[in-house]
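Okay, hi everyone, thanks for letting me go today. Have a look at the screen and we'll walk through this one together.

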Amino acid sequence: MNTEKNVAAAATAIIGQKVHPGMDQEFEKWQEDLNAAAAYYPGFLGAEISPPTPLQPDWVVVYRFDSIPHLQAWINSATRQTYLDVGAKYFDGPATQQVVSSGTQSLDPLVTVVVTHHVPPNQVDDFLVWQHHMVQEESKFEGFRGTELFRPIEGLQEEWTTLYRYDSAEHLDAWLTSPRRQEMLAEGEKFSDFKLRTIDNSFGSWFAFAGDGREAPPPPSVTRTSLAVWVGLYPTVVLLTLALSPLHMRLWAGLLVGNLLSSFIMSFLTMPYYVNPLLGRWLRPPPDEPARAHLRGLGVVVVALAFWAVVFYLVTVRFWTLP
């Protein structure tokens with residue numbers, strides 16, 4: 001998969017929402033329906049929901065689109081506004097929203113902090129100098145894993161947004177509560193109008209923008225996903241059948257054990273190390289991928305299945321006949 005080309009212009013929205021006590025289940029169901037509606041909009045790559053945690057007292061929803069215009073179209077859509085009108089009865093106060101653009105996903109499950117600042121145009125230079133000094137101090141603390149600064153996005157977000165990441169909540173808290181950070185905040189007192197949101201490990205991989213990430217959003221096509229699972233499932237099931245056949249288990253027991261083992265093998269071996277490298281670009285094509293690339297992907301599916309069919313025919317008919 002051409003990760004840089006496919007994800008480099010990605011846009012992520014981080015939305016925090018307080019929910020009335022006792023309404024968490026209703027809110028989560030409503031939010032899942034809203035996310036399902038987002039999936040029909042152009043450029044949708046994925047959405048996730050995170051319940052409140054000790055690090056983050058609000059519900060957090062993350063939307064990821066392939067570009068700022070596509071994200072903006074969803075955020076400002078009549079569909080979303082209609083859902084918000086219906087869900088207003090669950091909200092305990094207004095939501096917060098931060099938007100960042102660019103990048104790939106990280107390999108590590110990091111704790112991420114999102115900070116937004118209102119910066120008057122005549123103070124931008126001073127703000128950038130202060131931010132540079134802030135990063136220098138952050139980087140001296142244990143567990144620091146990087147930072148990104150994003151300018152305002154016209155028509156979507158007026159604030160400057162900073163992301164910084166630590167490898168654990170403990171290391172992050174050491175920085176947040178440190179005397180040195182308090183000194184830096186005092187130095188930048190005129191930029192004290194900011195909002196800070198901490199997002200725990202479950203979302204860390206959405207907010208790193210400087211490396212070649214291994215994780216990716218779900219493929220957009222159910223048909224392609226089904227075919228990809230078939231490519232991985234066929235050799236997995238046949239090999240397991242061959243491996244378990246000497247045990248001569250009853251049908252019900254053999255299927256019970258085989259299904260359990262195939263689930264683990266598919267999750268940890270077949271899909272990440274065979275199917276995704278083989279069909280990754282076909283499953284998640286770049287926006288400008290030509291139509292003939294779809295036919296090439298289908299060709300790879302046919303060749304892969306034909307290869308395994310020939311191998312298993314030779315093994316089970318020519319070289320070894322199963323009882």
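Accessible areas themselves come from the Shrake-Rupley method with a 1.4 Å probe, and for residues only the protein chains shown count as cover.

Before we go further, two bits of housekeeping. This is a predicted model, so local features need pLDDT of at least 70 and side-chain atom pairs count only at pLDDT 80 or more, while totals for chains, interfaces and linings use all residues. Residues are numbered from 1 along each chain as its sequence is written, and side-chain values use heavy atoms, with hydrogens and water left out.

The chain exposes about 17500 Å², and 61% of that comes from carbon and sulfur atoms. Now contacts, meaning heavy atoms within 4.5 Å. Of the contacts with a separation of 6 or more, 75% are between residues 24 or more positions apart.

Next, the surface. A patch here is made of residues with over 30% relative accessible area and no salt bridge; like charges are joined within 9 Å, and nonpolar side chains (Val, Leu, Ile, Met, Phe, Trp, Tyr) within 5 Å. Lys and Arg count as positive, Asp and Glu as negative, and His and the chain ends are not counted. A charge is placed at NZ of Lys, CZ of Arg, CG of Asp or CD of Glu. And a salt bridge is a side-chain nitrogen of Lys or Arg within 4 Å of a carboxyl oxygen of Asp or Glu.

So who is in the negative patch? Asp-24, Glu-26, Glu-28 and Glu-32. Glu-26 sits in helix H2, residues 24–38, and is partly exposed at 38% relative accessible area.

There's a nonpolar patch too, about 600 Å², made by Leu-247, Met-249, Trp-252, Leu-256, Val-257 and Leu-261. Leu-256 belongs to helix H9, residues 251–283, and counts as exposed, with 57% relative accessibility. Look at His-248 as well, in the loop between helix H8 (222–244) and H9. Its phi is near 50 degrees, a positive value in a residue other than glycine. His-248 is exposed, at 62% relative accessibility.

On to salt bridges. How many are there by this rule? The count is 7. One of them joins Lys-190 and Asp-126, 2.9 Å from N to O. Lys-190 is in the loop between H7 and strand S8 (194–199) and Asp-126 is in helix H5 (residues 124–138), so this pair ties together parts 64 residues apart in sequence. Both ends are partly exposed: Lys-190 has a relative accessible area of 49%, and Asp-126 has 40%.

Another salt bridge links Arg-180 and Glu-137, at 3.0 Å from N to O. Arg-180 is in helix H7 and Glu-137 in helix H5, so this one ties together parts 43 residues apart in sequence. Arg-180 is partly exposed at 25%, whereas Glu-137 is buried at 12%. Arg-180 also forms a salt bridge with Glu-187, with the closest N and O atoms 4.0 Å apart. Through shared partners, Glu-137, Lys-140, Arg-180, Glu-183 and Glu-187 end up in one network.

What about its salt bridges? Arg-181 has none, although it is buried, and the nearest side chain of opposite charge, Glu-138, is 6.3 Å away. Leaving out residues up to four places away in sequence, Arg-181 touches Tyr-164, Trp-175, Leu-176, Phe-194 and Leu-196.

Last stop: Ala-304, in helix H10, residues 292–319. Is Ala-304 buried or exposed? Buried, at 9% relative accessibility. Beyond its neighbours within four places in sequence, Ala-304 is in contact with Val-231, Tyr-274 and Leu-278.

Notes:
Helices (H or I, at least four residues) and strands (E, at least two) are DSSP runs, numbered from the N terminus. Buried means under 20% relative accessible area, exposed over 50%, partly exposed in between (1.4 Å probe, protein chains only).
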